[in-house]
Amino acid sequence: MGCAEYSFHVPSLEELVGVLQKGLKDNFADVQVSLVDCPDLTKEPFTFPVKGICGKTRIAEVGGVPYLLPFVKKEKFMPVIQTESEHKPPVNGSYFARVNPADGGCLLEKYSEKHHDFGCALLANLFASEGHSGKVIEVKAKRRTGKLNFVTCMRQTLEKHYGDKPVGMGGTFIIQKGKAKTHIMPTEFSSCPLNSDEEVNKWLRFYEMKAPLVCLPVFVSRDPGFDLRLEHTHCFSHHGEGGHYHYDTTPDTVEYLGYFLPAEFLYRIDQPKETHSFGRD
């Protein structure tokens, strides 16, 4: 399993505040981007295992969509190494969503209540840090006026401004008001090959989920040659809903609040040798 390392372009936080403020205004009626102290993310609604997202920021992309499509490669079920701090054992605070066999709805559960490992299957897009408090970029955006979703708007803003200098970012955001289109993978992998976005979308299960939703995005402005999934966001909630975020479905009332940092390095782990471009929405 190979691993390549890449150094991202890392603008100052002050510069990123200005760039994102300008870009988001093209897609949202009300935008406020600021440099603030990271809130305590162990508190609700986040309930993360650590207080912040600061310190040695990294992005890791493991595997990729070609391990899922057109046929699943079941040998690509991988362990994730979770390092312990000097004072605390590793904690898996993840949630997982699956289709409820009883009614076809969403069944959201804490991973640690069902399993005791740190594995992942086929692919993962991860933002990692030392979990410290510190300065972060706060983004408030209300009333979507454009066609781009919240994450895509930020990513394309960075691509437009920085061009061939890839910038990677991650963090968390809350959909405070409104609803969002999400999907959950079926319980069983497809027995037929899935060779297009249309075929993939027929296989997935789509939902409209209500706020508040806590989302964890990873996005890279431009692929520096590692066959990256340029953006990937999952969400969970405290009312039993969660999944893969696509976009909000209530543009007139939606409200986003997010906290982000640029990543210093990319670790590209087990990059698929054979690839394609579908199934990455």
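# A walk around a predicted model

Start by selecting G2, which is partly exposed, with a relative accessible area of 47%. Here is the scale for that: buried means under 20% relative accessible area, exposed means over 50%, and partly exposed is in between, using a 1.4 Å probe and protein chains only. You'll find G2 in the segment before β1 (3–7). Leaving out residues up to four places away in sequence, G2 touches R268, I269 and D270. A contact here means heavy atoms within 4.5 Å.

Two bits of housekeeping. This is a predicted model, so local features need pLDDT of at least 70, side-chain atom pairs count only at pLDDT 80 or more, and totals for chains, interfaces and linings use all residues. Residues are numbered from 1 along each chain as its sequence is written, and side-chain values use heavy atoms, with hydrogens and water left out.

## Zoom out

Show the whole protein as a cartoon, and look for 3 helices and 17 strands. Both kinds are DSSP runs numbered from the N terminus: helices are H or I with at least four residues, and strands are E with at least two. Along its principal axes, the C-alpha trace spans about 50 × 40 × 40 Å.

How does the radius of gyration fit a compact globule? With 281 residues, such a globule would have a value near 19 Å, and the protein has 18 Å, which agrees. That radius is taken over C-alpha atoms, and the globule rule is 2.2 Å times the number of residues to the power 0.38.

Of the 281 residues, 48% count as buried. Contacts between residues 24 or more positions apart make up 81% of those with a separation of 6 or more.

Switch to a surface view next. The accessible surface comes to about 14,300 Å², and 51% of it belongs to carbon and sulfur atoms. Those areas come from the Shrake-Rupley method with a 1.4 Å probe; for residues, only the protein chains shown count as cover.

Colour by charge and you have 33 positive and 36 negative side chains, with the centres of the two sets 3 Å apart. Lys and Arg count as positive, Asp and Glu as negative, while His and the chain ends are not counted. Each charge is placed at NZ of Lys, CZ of Arg, CG of Asp or CD of Glu.

Select β2 (residues 28–37) and β9 (residues 135–144): they run antiparallel and are joined by 9 bridges. Two strands pair if DSSP finds at least two bridges between them. Click on V33 and look across to its bridge partner in β9, V139.

Which strand residue in β16 stands opposite V139? That's G258. Strand β16 (residues 255–262) also runs antiparallel to β9, with 6 bridges between them.

## A hairpin

Hop over to β5 (residues 95–99) and β6 (residues 106–110), an antiparallel pair with 5 bridges. Y95 stands opposite K110 in β6. The two strands form a hairpin with 6 residues between them, and G104 in the turn has a positive phi of about 80°.

Most residues other than glycine have a negative phi, and most peptide bonds are trans.

- Select E44 and P45: a cis peptide bond joins them, with omega about 10°. P45 is in the loop between β2 and β3 (58–63).
- In that loop between β2 and β3 you'll also find T47. T47 has a positive phi of about 55° although it is not a glycine, and it is partly exposed at 31% relative accessible area.
- Move to L69 and P70, joined by a cis peptide bond with omega about 0°. P70 is in the loop between β3 and β4 (77–79).
- Then pick L122, in the loop between β7 (119–121) and β8 (123–128). Its phi is near 75°, a positive value in a residue other than glycine. Is L122 buried or exposed? Buried, with a relative accessible area of 3%.

## Last stop: K179

Finish at K179, in strand β11 (residues 179–184). K179 counts as partly exposed, at 37% relative accessibility. Leaving aside neighbours within four places in sequence, K179 is in contact with E208, M209, K210, D248, T249 and T250.
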